[in-house]
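Here is a short briefing to read alongside the sequence and the model. Please keep both in view as you go.

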Amino acid sequence: MASFLLRRLLALIPVLILVLVIVFSLVRLIPGDPAVTLLGPGATDAQIAALRAQMRLDEPFYLQFVNYLLGLLQGDMGISLKSGAPVLQEILLRLPATLELAICATLVAILVGIPIGVLSGTRPNSIFDHFTRVFSLVGVSMPAFLLALILQLIFATYLGWLPVSGRLSPYIIMQPITGFVILDGIITGQWDIVWSAIRYLVLPTAVLAAFLAATLGRFVRNTMLEVMSEDFIRTARAKGLTRAQVVLEHGLRNSLLPAITVVGLKFAEMLGGAILTETIFAWPGIGRFMFEAIKNRDYPVIQGTTLVFSLLFMLTSVLVDLLYGVLDPRVRKRMK
Amino acid sequence: MTALVHFLRKNSLATAGGLVLVAVILAVIFGPMISPYGPTKLDVLNKLQGPSWAHWLGTDSLGRDVMTRVLHGGRYTLAIGMGVVSIAFVVGVLFGTLAGFAGGAVDMIIMRVVDAMLSFPALVLAIALAAAFGPSLNNAMLAVAITLAPQFARVARSQALAISVKPYVEAAVSLGLPTRRILWRYVFANGLGPLLVQASLSFGSAILQTASLGFLGLGAQPPLAEWGADVSANLQYMRESPWVALSPGMAILLTVLCFNLIGDSLADWFNPRRRNEID
């Protein structure tokens with residue numbers, strides 16, 4: 001397992017270098033002199049010269065890239081042009097909020113998507129199955145911002161059951177320990193904080209989870225259909241197992257494996273959706289941070305957040321491969 | 001033709017999607033011609049009116065007819081879908097076919113770049129690129145096309161790999177035909193099916209992503225009646241006049257849903273394992 005992990009991580013290196021080239025090139029894609037564009041109108045020649053020197057724009061492209069890499073290795077993602085603080089520090093401050101949202105949404109999507117898929121996969125062409133198919137197609141065709149607005153309008157504006165936006169009631173003051181509000185609330189035993197955080201979490205989670213649940217439901221349905229026609233299912237039935245045992249222990253277990261890949265792949269798309277969701281719900285994560293950086297033309301922050309999103313995606317794909325090994329003995333054997 | 005009829009009869013959802021899509025296309029072509037209003041014609045005295053006979057979907061904060069704007073936006077949206085998918089198709093297929101046919105170092109380099117581009121969440125990369133290019137509809141379309149191209153490259157490469165070992169390609173090579181001609185006449189032409197499925201599946205994402213960029217202010221700029229931009233421009237009136245922002249949003253949903261219904265059924269159709277299930 002350890003050697004598999006090592007090989008998997010080593011294989012990531014060439015991809016990672018290319019990812020870094022792309023992220024690095026982003027600022028260089030800006031038409032004109034990056035320093036002039038970054039500082040905007042009204043910058044003095046001295047300021048422009050200083051920024052050119054700081055960004056080493058006078059050096060050749062490959063040297064600039066090497067310096068960028070060396071900086072990254074020391075945790076230097078540059079300085080935010082807006083706040084003047086190190087980009088990495090600003091990102092780490094906001095990362096827990098995004099992770100909290102993404103993890104909750106993934107859990108909800110799994111809890112909703114897999115049962116839906118199993119139910120319609122074991123009853124193909126039933127009314128429930130048709131309903132699932134339409135639900136999942138609407139789910140993947142729905143712009144995240146539209147679903148967010150509709151949910152906000154119904155549950156926050158009209159019914160008043162849930163808060164419109166934010167992460168925690170403005171009347172609650174708390175010292176962050178881990179940065180994960182719910183976890184912090186549980187650690188310190190402040191259940192009012194936990195309750196408030198959950199209320200704020202419901203709508204953005206629903207928006208992010210909808211897309212993943214729809215994709216997952218459809219995928220599990222199709223794999224269930226295939227698995228349930230396999231010989232070992234017939235054997236299990238012939239042994240006299242109950243329907244529930246056949247479906248859960250033999251059918252589901254074998255359809256779960258490909259489903260994990262889908263969750264991993266779609267996790268990335270969900271991170272993209274987080275930019276829209278966080279912006280609409282004023283969720284203080286890195287998605288909204290990136291959106292604000294775009295409005296402010298804060299390119300070091302755009303670079304940093306793009307890189308972090310990509311790293312999260314790559315880590316997820318490694319994690320998915322490892323999970324594969326845990327769940328499938330055949331794969332585990334090959335990993336050794 | 002009989003294959004098409006058979007396909008439509010077996011795929012009621014795809015047929016429904018196709019019919020609605022035809023209706024949408026007709027509406028956005030002829031609707032603006034019939035509508036008595038212009039998409040940017042101001043009428044501030046009648047701003048934020050609810051749906052009525054005069055204004056089927058009401059008016060926005062500047063008194064513009066929402067229905068007219070949605071219909072005009074549809075023209076942009078369909079053009080965006082076509083434009084983005086075409087660019088992604090040409091770029092992706094070019095590199096993918098080359099990689100699969102040439103093999104070796106060329107294949108390695110092209111596919112590593114493809115892997116790297118697929119290591120970004122698509123929307124994140126599109127947003128970052130659009131931010132670098134500068135906010136405009138053309139730049140947003142280019143950014144989305146760049147993020148979709150790697151998927152075409154993947155499909156084209158696997159097609160080229162499978163086809164380049166076929167006897168007719170070997171025959172063409174031994175006849176001394178120019179590589180460009182072999183690629184075009186044999187490799188590309190014979191691998192077209194799955195690429196067209198990929199194209200039909202990409203339409204939905206192309207429209208969704210460009211609309212998302214528009215929503216974030218990185219795509220079409222006002223007063224252009226693009227759907228995504230129109231949703232975000234009317235957010236502040238959500239409470240009193242939700243139809244103004246929701247109408248273009250629902251139009252996106254409807255159009256993307258139609259494309260996905262068709263693309264989905266086509267994908268099933270081209271997949272032999274699933275095709276038996278449908279028949």
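Predicted model: local features only at pLDDT ≥ 70, side-chain atom pairs only at ≥ 80, totals over all residues.

Residues are numbered from 1 along each chain as its sequence is written, chains are lettered from A in the order in which they are written, and side-chain values use heavy atoms, leaving out hydrogens and water.

**The two chains**

- Chain A has 14 helices and zero strands, where helices (H or I, at least four residues) and strands (E, at least two) are DSSP runs numbered from the N terminus.
- The C-alpha trace of chain A spans about 85 × 55 × 40 Å along its principal axes.
- Chain B has 12 helices and zero strands, and its C-alpha atoms fill a box of roughly 75 × 45 × 30 Å, taken along the principal axes.

**Where the chains meet**

- Chain A brings 47 residues to the contact and chain B brings 45 residues, with contact meaning heavy atoms within 4.5 Å.
- About 4000 Å² is buried between chain A and chain B, and carbon and sulfur atoms give 78% of that area; buried area is the accessible area (1.4 Å probe) that two parts lose on being put together, summed over both.
- In chain A, the residues that lose the most area to chain B are Ser141(A), Phe145(A) and Leu149(A), together 14% of what that side buries.
- Several helices of chain A give two or more residues to the side that touches chain B, among them helix 1 (2–29), helix 6 (127–141) and helix 7 (144–158).
- That side of chain A has 35 nonpolar, eight polar and four charged residues; Ala, Val, Leu, Ile, Met, Phe, Trp, Tyr, Cys and Pro count as nonpolar, Asp, Glu, Lys and Arg as charged, and the others, Gly among them, as polar.

**Salt bridges**

- Over all chains the count comes to nine salt bridges, each a side-chain nitrogen of Lys or Arg within 4 Å of a carboxyl oxygen of Asp or Glu.
- Between chain A and chain B the count is zero salt bridges.

**Helix 5 of chain A**

- Helix 5 (residues 87–122) of chain A has 36 residues and reaches 50 Å from its first C-alpha to its last, close to the 52 Å expected at 1.5 Å a residue; the expected span is 1.5 Å times one less than the number of residues.
- At Arg94(A), shortly before the proline Pro96(A), helix 5 of chain A has a kink of about 35°, the bend being the angle between axes fitted to the seven residues ending there and the seven starting there.
- Arg94(A) also forms a salt bridge with Glu90(A) (2.8 Å, N to O).
- Arg94(A) and Glu90(A) are separated by about one helical turn because they lie four residues apart in helix 5 of chain A.
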